[in-house]
Structure formats: structure tokens, C-alpha cells
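Open the model in your viewer and keep the selection tool at hand. The tour goes from one selection to the next.

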Amino acid sequence: GCTVVLKPAEETPLSALAIAALLTEAGVPDGVVNVVPTTDPGAVVGTWLADSRVRKISFTGSTGVGRMLLRQAADRVVNASMELGGNAPFVVFDDADVDAAVEGAMLAKMRNNGEACTAANRLFIQAGVAEEFTAKFSAAMEQKVLGRGVESATTLGPLIDEAAVTKVQELVDDAVALGARVVTGGSRPDGPGHFYPATVLAEVPEGAAIRGEEIFGPVAPLTTFDTEEEVTAAANSTSFGLIGYVFTRDLRRALRMSENIEVGMVGVNAGVISNPAAPFGGVKESGIGREGGRVGIEEYLETKYVNISL
């Protein structure tokens, strides 16, 4: 009997409306799932959270907006689930299958043009395979064909809007100014549209903003490391903790890294791990709660204890 009000992102309302149409076609009664597109999300959601009928809020989006919603939810102690930003480390050890690591990196970095919370954001490559990985990964990135989605040859489309392109370019420029080396890409093409090429940066220094901020674009910053302890500390040196990727043939190392990296999900020798039957979510400022599987259903339930004396 629980009804739902869904506010889609103002940039992408049509997919939510299409899902609502499918729900209607499947027989969901009118009024059970309600879609409210708006260009004024703050006013709409603020009104919802002030209503005593609202018992739950689930949000997918930026950490900044998530903080604001949590503050609003606190006024009425509304149950909240937050799937927020990411800053995923992608770690390749010397003993990894480099070809498999390159394939995994392409999947983890370039899904949805890099505009995904699960995207590999910081690539750490152990010194022994750094040269080989960089060469093979850069070659794979250079094969991406930038263009409009309606063109059959296109394998890398535009970013969501002008602000996204501007942010990506600023992050790249900052890294280069601090000493990073552009291996491929690195500058916006001439002409209209929100396009940015597949870009690889090597030798990205620790102080570069691109190592601390979510990129949300087709840019891969590479950093070389020497020891497991060093890369674990680097992987955890962020307020985010959604997902991490580890490539190694050593099972013990894989299990140690899985335990020691401060994230909610780990991909071992895999660049895509999302699964509707598995719990999806992060720790630290990447979110609260889980989506998917039984755990995801429990996010929408309350436990009631009844003790009856006869």
C-alpha cells in the first residue's frame, strides 16, 4: 500500500516518464507511482520532506545535495537512503594479467562516457607494469571514436552539458600545470557540442585536484606506486568510499585489499560488478544504505517486535 513520488533529475526527465508508462502498461494502478519533473527541485523536495505522510527518502546524486537532503530529513527524522558520489581507486599490481587489467580499466572508466558514480577515478599502477599498462591502455583509449550517437562509428558520445565539459577541462589543466603528462587527449575539440576526447594522464601528482574530485568524464589519471601499503593509503585518502577495483593474481592480496580499502564494493579482476541481486552502495561520504537484492528491499521496511504474554 505504499505509494511513491519520483522526482527525476531535471536534465533527464524523459527516461523516468518512460518507466512510469511501462508501469502503467504492466498494471500498476494510477496514483501508486507518481513522477513529478521540475526545474525547481529544492522547493518540491522540501515540501515533500515537511509532509507528515512521507516516511522515506531515497536519493541518487551528488554528495553535496545528499548532505542538504539529510539535513532536511532530520527535522522529521525521515528514514533516508543516500547513493552519492564516488572516487574509485583502480589498482593494478605487478602480478596482474595486464591485458585483463586494461580491459577492466576500459569498462570501469568509460561506461557512460565516464559519467558514472562507479567510474574508475584514480588509476594506481605498480611500477613493474606501469610502462606496459600505460602503453596498452592509452592505445585502447585512442581507439575511441568521438562523435554523435546517431553516427554508427561513434564509441564515445558527448557529456551531459557545458558545465560538465568545463569541469573536466579544468581538472586536466590543473593536473598538467602541476606536472602531469598528457599521454593522449587532453583538450576539447573544436566545434559545437559537449564533447571531450578519451584522455590519459600519466605521473599525476598527489596534490592535483583530479585525484580528490569525482571526474565524471572520459579522463583517466595514472599514478605509479611501489608497495601494497602505499597504494592502500592512497586509495583511502579520500572522503568517498563507493567502489574499488583490484587486479592481481594473488588471492591473499586480493582478499587483503578487499578488506583494507574503505569502500562498499570491490571488483577483483573485474571492471563491472553491478548486479541487481547484490547490495549496491558505499561508505563514508559515498552514501548510506544499500540498493539491490534483499538488503535493498530491507531499506524500505521497519522491524517491529511484539511480545505477547498469555
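At what angle do helix H2 (residues 41–49) and helix H3 (residues 63–74) pack? The angle is about 30°, and the axes of H2 and H3 are 9 Å apart. Before going on, note that this is a predicted model, in which local features need pLDDT of at least 70, side-chain atom pairs count only at pLDDT 80 or more, and totals for chains, interfaces and linings use all residues. Residues are numbered from 1 along each chain as its sequence is written, and side-chain values use heavy atoms, with hydrogens and water left out.

**Stop 1: H2 and H3**

Helices here are DSSP runs (H or I, at least four residues), numbered from the N terminus. Axes are lines fitted to C-alpha atoms over the stretch in contact, and angles run from 0 to 180 degrees between N-to-C directions. The angle makes H2 roughly parallel to H3 (under 35 degrees counts as roughly parallel, over 145 as roughly antiparallel, 65 to 115 as roughly perpendicular and the rest as oblique). Now select Val-45, Gly-46 and Leu-49 of H2, with Leu-69, Gln-72 and Ala-73 of H3: these make the contact (heavy atoms within 4.5 Å). Four of the contact residues are nonpolar, two are polar and none is charged. In this scheme Ala, Val, Leu, Ile, Met, Phe, Trp, Tyr, Cys and Pro count as nonpolar, Asp, Glu, Lys and Arg as charged, and the others, Gly among them, as polar.

**Stop 2: H4 and H5**

Select residues 98–110 for helix H4 and residues 127–142 for helix H5; their axes come within 10 Å and cross at roughly 50°. H4 and H5 are therefore oblique to each other. On the H4 side, the contact includes Val-98, Asp-99 and Met-110, and on the H5 side it includes Glu-132, Lys-136 and Met-141. How many residues of this contact of H4 with H5 are nonpolar, and how many charged? There are 11 nonpolar and three charged residues, and no polar ones.

**Stop 3: H7 and H8**

Next, select helix H7 (residues 228–235) and helix H8 (residues 251–260), whose axes come within 10 Å and cross at roughly 30°. H7 and H8 are therefore roughly parallel to each other. Glu-228, Val-231 and Thr-232 of H7 meet Arg-253, Arg-256, Met-257 and Asn-260 of H8. By class, this contact of H7 with H8 has two nonpolar, two polar and three charged residues.

**Stop 4: the lining of the largest cavity**

Finally, select Asn-87, Ala-88, Pro-89, Arg-122, Ala-235, Thr-238, Phe-240, Gly-241, Leu-242, Ile-243, Glu-262 and Val-263, which line the largest cavity. On a 1 Å grid over the protein atoms alone, a cavity is a set of points where a 1.4 Å probe fits but cannot get out, and lining residues have an atom within 4 Å of a point. The lining has seven nonpolar, three polar and two charged residues.

Definitions and conventions. Helix = DSSP H or I, 4+ residues; strand = E, 2+ residues; numbered from the N terminus. 1 Å grid on protein atoms, 1.4 Å probe; cavity = no way out; pocket = protein on both sides within 12 Å on 5 of 7 lines; lining within 4 Å.
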